[in-house]
Amino acid sequence: MRAKMSIMGFNAEAVKPLNEAAAAELGAELLGEATIFIVACSCLVLEYWRHQAHHHLKKRQQRVAWDTMQEEVDHLALVLEELQEQVQQTAAVAEVTLPALEELQKQMQEVRAQLRIPDGDKPSSPQAEPTPEE
């Protein structure tokens, strides 16, 4: 104590010793303040831990949501590729069948011309004669 007082610039012999009541009161006050300080520090540490746990939970939920969206995007990309392949196949089939269809239309016009049927009229199918009912 004398070293502390001399470092602080006080004369150690000028300090009067405390009586027992004053020392007990000072000790009780110091103990009370230390208790309050420890409780406050504990509350700060617990609040920090709680905040970190909440932050980690939120990050984990965001990561799960991100992964889910990424999987959905990947799935949609695969579906898009399949649809593009189908469109290309349909276009290829149309390129093959379109000339054949035009050729059939020309042949139909020739047959109609030979039968002397105008383009707008279709040949009528023979109608069945009604059967007499008794």
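I take buried to mean under 20% relative accessible area, exposed over 50%, and partly exposed in between (1.4 Å probe, protein chains only). With that cut-off, 1% of the 134 residues of the protein chain count as buried.

**Ground rules.** I am working on a predicted model, where local features need pLDDT of at least 70, side-chain atom pairs count only at pLDDT 80 or more, and totals for chains, interfaces and linings use all residues. Residues are numbered from 1 along each chain as its sequence is written, and side-chain values use heavy atoms, with hydrogens and water left out.

**Fold.** I looked up the secondary structure, using DSSP runs numbered from the N terminus: helices are H or I with at least four residues, strands are E with at least two. I found two helices and zero strands in the protein chain. Helix H2 covers residues 20-115.

**Surface.** I took accessible areas from the Shrake-Rupley method with a 1.4 Å probe; for residues, only the protein chains shown count as cover. The protein chain exposes about 13200 Å². Carbon and sulfur atoms supply 61% of that area.

**Salt bridge.** My criterion is a side-chain nitrogen of Lys or Arg within 4 Å of a carboxyl oxygen of Asp or Glu. The count comes to one. Glutamate 47 pairs with arginine 50, and the closest N and O atoms are 2.7 Å apart. Why do I find glutamate 47 and arginine 50 about one helical turn apart? They are separated by that much because they sit three residues apart in helix H2. Glutamate 47 is partly exposed, at 40% relative accessible area.

**Patches.** I build these from residues with over 30% relative accessible area and no salt bridge, joining like charges within 9 Å and nonpolar side chains (Val, Leu, Ile, Met, Phe, Trp, Tyr) within 5 Å. Val45, Leu46, Tyr48 and Trp49 make a nonpolar patch of about 460 Å². Tryptophan 49 lies in helix H2 and is exposed at 55%.

For charge, I count Lys and Arg as positive and Asp and Glu as negative, leaving out His and the chain ends. I place each charge at NZ of Lys, CZ of Arg, CG of Asp or CD of Glu. Lys58, Lys59, Arg60 and Arg63 gather in a positive surface patch. Lysine 59 is in helix H2 and is partly exposed at 41% relative accessibility.

**Cysteines.** I call a pair of cysteine sulfur atoms within 2.5 Å a disulfide. The count is zero. Cysteine 41 is in no disulfide; its nearest cysteine sulfur, that of cysteine 43, is 9.3 Å away. Cysteine 41 is partly exposed at 29%, and cysteine 43 is partly exposed at 49%.
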